[in-house]
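Open the model in your viewer and keep the sequence panel beside it. The stops below say what to select and what is found there.

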Amino acid sequence: FSNISSMYSNTAFSNEILRWGVQLTPHMLKVPARGLPSPVLQNGAGPIQVRQGQESWDVKFQWPMIRSASFDNWAVVCDRQTPQLREFIEKLNQVSRDLQVPVSNPSIFDTNGDARPAAYLNILNSQVGKQKPVFVMIVIPRHSDEPYKSVKQLLSSKIGVPSQFVTGQNIAKDPLLKATKVLVQMNCKLGGAPWTADLKLMRPTMFVGIDVHHGGDLEHKGSSIAAFVASIDKQVSKFYSRTFPVKAKQQVLHPLRGGPGLKEMTLEAIKAFHGQCKATPEYIIVYRDGGSEGELETLQNSEVKQFNDAIAEAKLNCKLVFMVVLKKLRTRFFMVNPQAPIEVSNPPPGTIVDAQVVNPYIPEFLLCCQHVNQGSATPTKYQKLYDTASLNANTIHMYTYGLSHLYFNWCGTIRVPCVVKYASTLAKFTGQVLRGREADQKLHKLLHYL
């Protein structure tokens, strides 16, 4: 602010920028904003109590899941069977009754104290492979890249079994709380869901999130990883998740080597939606992470076209909305107290700005979904690139804010719609852990990457 003040007081500088139609003021711009109402959240027992002003809740109260998976045949692989591990498994069984997630006693295999990756892989290939469990928990002494990456590559890409890593250090501390959090995550990975939000959907609607991961240890040099995640049920609690390689550092998505891309994955997602809902989506709303204003025309000619091609091939009377999501912003908003104008604070979750500081030529809005304890809250910008649905702006705003409540790895709102966060998590997991290889098709309808 001091730099702006010094420039403002410099007459020569002010006169020069005025020639270009730019004017500095010594005060921050006041813009109109409004607050969106929060959606009603439900767990298996009824409405969830949400902390007002923070949009957060807690699973440590151990309420029933909205949908439960069944752990009737699962396995634990560890370096040694310790009293702490046995206590942790007992706590899992204890909290399973409150969470209403059926958990039987697992088959336990140990490596006789050998914590090397090869020891875990040998057990998984020999003993666990015969049992064919629906889920595998891996217990390692402490957090490290190995055997994490090697085991995940085997279970996710080759065998097709969801898995959960825990460390011996963590489960020894507050085992009841750890067991609750771990079982909620395990339930999500196997197809369950802890809660849902009433988005007041008017018609069968599929939400799609797209993101690209440009870093990571890739098996194929010169590749980035694109992720596609689509909701496939009416509650927006089940998702179809795919990845495919694209040219390195490429923002507009074209699959390499003629493999499946957005069109093919959209067709598969539509089939999955129909299998779950017994109906096809009437609306497809896409949230595409990234893309600068200079790339909007290219995005429309390429990615929007692939979605329209999929809709045409499926012979659907389906409307498409394509939103570009921009997170890397320098814009900040502060809420002013009318009774004490010098007191400012971060805007509460659900604050939306869609006037004065938005592009007059592209429908867009800025939305703060998250509660921030330290520092300033960064809004997220949404640009509507394509729309055949003619949904009113408030409906899009409400859907966008409601989706920020449905990322199951966090008991609160996040910056972006859940499908975008799931896509980001999946792309990073595939690039950094699976070395660019896609997960087995048995995992495509599971949030195995949480």
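## Starting at a pocket

Select α7 to begin: this helix gives the second largest pocket the largest share of its lining, 6 residues. The model is a predicted one. The volume of this second largest pocket is about 690 Å³. To find the middle of the pocket, select Q164, K181, V182, Q185 and N409, which are the closest to its centre among the 28 lining residues. Next, colour β7 (163-167), α6 (168-171) and α7 (175-189), the elements that each give two or more residues to this lining. What is the make-up of the lining by class? Colouring by class gives 15 nonpolar, 8 polar and 5 charged residues for the second largest pocket.

## The loop beside it

Select D174, in the loop between α6 and α7. The phi angle of D174 is near 50 degrees, a positive value although the residue is not a glycine. Is D174 buried, partly exposed or exposed? Its relative accessibility is 45%, so D174 counts as partly exposed.

## Zooming out

Now show the whole chain as a cartoon. The protein has 11 helices and 18 strands. Its radius of gyration is 24 Å, close to the 22 Å from the globule rule for 450 residues, so the protein is as compact as a globular protein of that length. Turn the model along its principal axes, and the C-alpha atoms fill a box of roughly 80 × 55 × 45 Å.

Switch to a surface display. The accessible surface of the protein is about 21200 Å², and carbon and sulfur atoms account for 50% of this area. Of the 450 residues, 51% count as buried. If you draw the contacts between residues at least 6 apart in sequence, 72% of them join residues at least 24 apart.

## An enclosed space

Rolling a probe the size of a water molecule over the atoms shows where empty space is left. How many cavities of 30 Å³ or more does a search of the whole structure find? The search finds 1 cavity of that size. The largest cavity has a volume of about 40 Å³.

To see what surrounds the largest cavity, select S241, R242, T243, L426, T430, E438, A439, H444 and H448, the residues that line it. Then colour β11 (239-247) and α11 (418-432), each of which supplies at least two residues of this lining. The strand β11 has the largest share, with 3 residues. By class, the lining of the largest cavity holds 2 nonpolar, 5 polar and 2 charged residues.

R435 is not a glycine, yet it has a positive phi of about 55 degrees. With a relative accessible area of 30%, R435 is partly exposed.

## A cis peptide bond

Select E146 and P147 and look at the bond that joins them. This peptide bond is cis, with omega at about 10 degrees. P147 is found in helix α5, which covers residues 145-159.

## Two residues and their surroundings

Select D354, in the loop between β16 (351-353) and β17 (364-368). D354 has 32% relative accessibility and so counts as partly exposed.

The last stop is A75, in strand β4, residues 74-78. A75 has 0% relative accessibility and therefore counts as buried. Show its surroundings by selecting P106, S107, F109, Q131, P133, F135, V136 and M137, which A75 touches when residues up to four places away in sequence are not counted. Then draw a distance from A75 to P260: the two are 185 residues apart in sequence and 34 Å apart in space, C-alpha to C-alpha.

Key: Residues numbered from 1 in each chain as written. Predicted model: local features only at pLDDT ≥ 70, side-chain atom pairs only at ≥ 80, totals over all residues. Heavy atoms only, no water. 1 Å grid on protein atoms, 1.4 Å probe; cavity = no way out; pocket = protein on both sides within 12 Å on 5 of 7 lines; lining within 4 Å. Points joined across faces, edges and corners; volume = space filled by probe spheres on them. Helix = DSSP H or I, 4+ residues; strand = E, 2+ residues; numbered from the N terminus. Nonpolar A, V, L, I, M, F, W, Y, C, P; charged D, E, K, R; others polar. Rg over C-alpha atoms; globule rule 2.2 N^0.38 Å. Buried < 20%, exposed > 50% of the residue type's maximum accessible area, 1.4 Å probe, protein only. Contact = heavy atoms within 4.5 Å. Areas by Shrake-Rupley, 256 points an atom, 1.4 Å probe, with all protein chains shown as cover.
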